[in-house]
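These are my notebook entries on what I looked up, written in the order in which I went through it.

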Amino acid sequence: MGTAEAALLNVAGLHKSYSGREVLRGVDLQLQYGEAVAIVGKSGCGKSTLLRIIAGLEKPDRGTVTSSRGSEGRGNVRVMFQDARLLPWKRVRDNVALNLKPVERDRAILALEQVGLQNRGDEWPSVLSGGQKQRVALARALASSPNLLLLDEPLGALDALTRLEMQQLIEKVWKEQQFSMLLVTHDAEEAAALGDRVISLTDGAITLDHKIELPRPRNRSHPDFIRAKQAILASLIVGEPDPGEE
Amino acid sequence: MTVTRLGSLRQTLFPWIVPVAAVTVWFAVTVTGHVPQRILPSPITVANSAIALTRSGELPRDLAVSAARAFSGLLIGGGLGFTLGFITGLSTTAHLVFDSSIQMFRTVPNLALLPLVIVWFGIGEEARIFMISAAVFFPLYLNTHHGIRSVDKGLVEMGSVYGLNRGGIFTQIILPAALPSILNGLRLALGTMWVTLIVAETLAAEAGIGTMTAQAREFMRTDIVLVGTIVYALLGKLADAIARLLERKLLPWNPAYSSRG
Ligand SMILES: Nc1ncnc2c1ncn2[C@@H]1O[C@H](COP(=O)(O)OP(=O)(O)O)[C@@H](O)[C@H]1O
Ligand SMILES: [Mg+2]
């Protein structure tokens with residue numbers, strides 16, 4: 001791994017247990033500048049724990065998270081959660097401008113434009129649909145120009161069509177702003193559509209690190225795409241008592 | 001358009017049906033002489049007494065004394081309940097130290113404190129203000145405490161990921177999240193405040209609406225007793241209206257208060 005010094009994020013030997021049960025057992029991961037990495041894995045395999053440690057919300061038992069930029073070892077990291085976590089008492093625009101300095105407030109307006117909600121800035125979050133709320137959450141993350149965006153199944157609760165739109169939107173803003181992103185998902189197709197690399201987590205360890213070198217935006221009916229998707233699915237089924245025919 | 005106008009007409013008119021009917025019945029039974037004036041004076045007599053008491057300055061003075069009493073109690077007891085609720089809501093240590101003791105005293109009915117209060121303070125102004133303070137303390141303590149404890153942890157976590165410091169998390173997340181519960185506590189406190197005020201004033205006082213009615217009762221001036229009772233009802237209604245206005249002004253984002261600000 002000679003690229004470790006050049007990487008934006010370097011995760012090494014992460015271990016984490018909750019009440020004696022090992023959730024992460026030695027996770028190593030590097031993320032390059034501008035790279036999009038998708039993390040897949042069955043529910044409960046430790047994906048959120050990994051993301052929360054990277055975000056600094058949780059401390060690992062062992063191992064390190066270092067970043068080549070930023071004093072706290074992380075640089076400018078933003079997180080999108082499965083629920084939008086908007087503040088109900090702030091209007092949409094003020095939610096996006098959360099913790100921006102007064103002089104930076106037009107960034108909030110630009111970010112709302114990026115997600116196509118420029119004329120909803122005066123509304124209360126409670127009137128928005130689930131998909132719109134997640135767009136506002138995305139705008140909030142973009143407004144502070146992160147160099148790393150962590151996404152923990154942000155589209156899991158959306159209907160299929162809205163999810164597809166959001167995937168396209170995330171890809172678009174990722175290209176525009178060129179941040180690195182780490183996307184946790186349980187959807188093999190989403191991982192194959194958005195990841196430069198797909199990592200599969202099984203029982204707290206990485207079992208697959210698969211580069212996807214298809215042109216973007218990816219054609220989901222192309223045989224190469226379907227093959228990539230099936231490789232991801234197969235990695236998810238490893239360890240099951242009855243793997244079936246996949 | 002017409003449907004909504006009709007709807008708002010309903011909203012403003014219908015709550016008046018019962019009071020108007022009550023006064024009409026009251027008028028009917030008293031004017032016809034079915035009920036003696038000593039038991040129930042007619043609405044006109046009561047209105048005249050109210051006017052006379054206002055002209056003489058007696059009613060405004062008693063009203064001012066009662067209101068000052070009520071709000072001193074609210075300020076002392078409510079302020080204490082609010083502050084302690086905040087501290088025990090934010091700090092687990094303070095919660096462990098104080099909460100179970102406070103919860104224990106909550107089960108003592110307010111009026112059961114009366115003998116003790118008389119022993120401590122006599123029947124002076126301190127006793128009355130103490131009674132009111134004790135009564136408003138609990139609703140504000142409990143609701144502030146509960147409001148802060150039940151703040152969505154996910155929002156706090158989001159705030160820290162987005163770089164808010166402790167002060168920012170407090171003012172932008174915890175306080176607004178707890179506000180609906182705090183205002184609800186205030187509304188409950190205003191309710192118990194009036195009840196306690198009435199009891200405290202009827203017991204013994206030099207001035208105040210309760211004293212006015214207690215004295216009037218001795219002279220069988222039922223009309224003045226009724227004036228006092230109606231004033232109490234109006235004060236209660238006024239306090240409730242203020243609490244509702246505060247909710248509407250401070251919580252415009254809450255879908256329960258559908259006003260668009
Ligand atoms: N704060 C916590 N306390 C105790 N156990 C936890 C905690 N957070 C996560 N876990 C456990 O760790 C395991 C992995 O959780 P998580 O990382 O959320 O999985 P995933 O996101 O992959 O579904 C689960 O079994 C979960 O119950
Ligand atoms: Mg998870």
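Which strand and which helix of chain A each supply at least two residues of the shell around ligand 1? I found that strand 2 (21-31) and helix 1 (47-55) of chain A do so, where helices (H or I, at least four residues) and strands (E, at least two) are DSSP runs, numbered from the N terminus.

Before going on, I noted that this is a predicted model, in which local features need pLDDT of at least 70 and side-chain atom pairs count only at pLDDT 80 or more, while totals for chains, interfaces and linings use all residues. Residues are numbered from 1 along each chain as its sequence is written, chains are lettered from A and ligands numbered from 1 in the order in which they are written, and side-chain values use heavy atoms, with hydrogens and water left out.

Entry on the ligand. I listed the residues around ligand 1, counting a residue if one of its heavy atoms lies within 4 Å, and among them are Tyr18(A), Arg21(A), Val23(A) and Lys42(A). Helix 1 of chain A gives the most to this shell, with three residues. The shell divides into three nonpolar, five polar and three charged residues; Ala, Val, Leu, Ile, Met, Phe, Trp, Tyr, Cys and Pro count as nonpolar, Asp, Glu, Lys and Arg as charged, and the others, Gly among them, as polar.

From Ser48(A), a polar side-chain atom lies 2.7 Å from an oxygen atom of ligand 1. Taken alone, ligand 1 exposes 560 Å², and the protein buries 60% of that, with areas from the Shrake-Rupley method and a 1.4 Å probe.

Entry on the loops of chain A. I found that the peptide bond from Arg216(A) to Pro217(A) is cis, with omega near -10°, and that Pro217(A) is in the loop between strand 9 (205-211) and helix 7 (223-237) of chain A. Arg85(A) has a positive phi of about 55° although it is not a glycine, and I located Arg85(A) in the loop between strand 5 (77-80) and helix 2 (92-96) of chain A.

Conventions:
A polar contact is a pair of N or O atoms within 3.5 Å; within protein, one must be able to donate a hydrogen and the other to accept it, and residues adjacent in sequence count only if both atoms are side-chain atoms.
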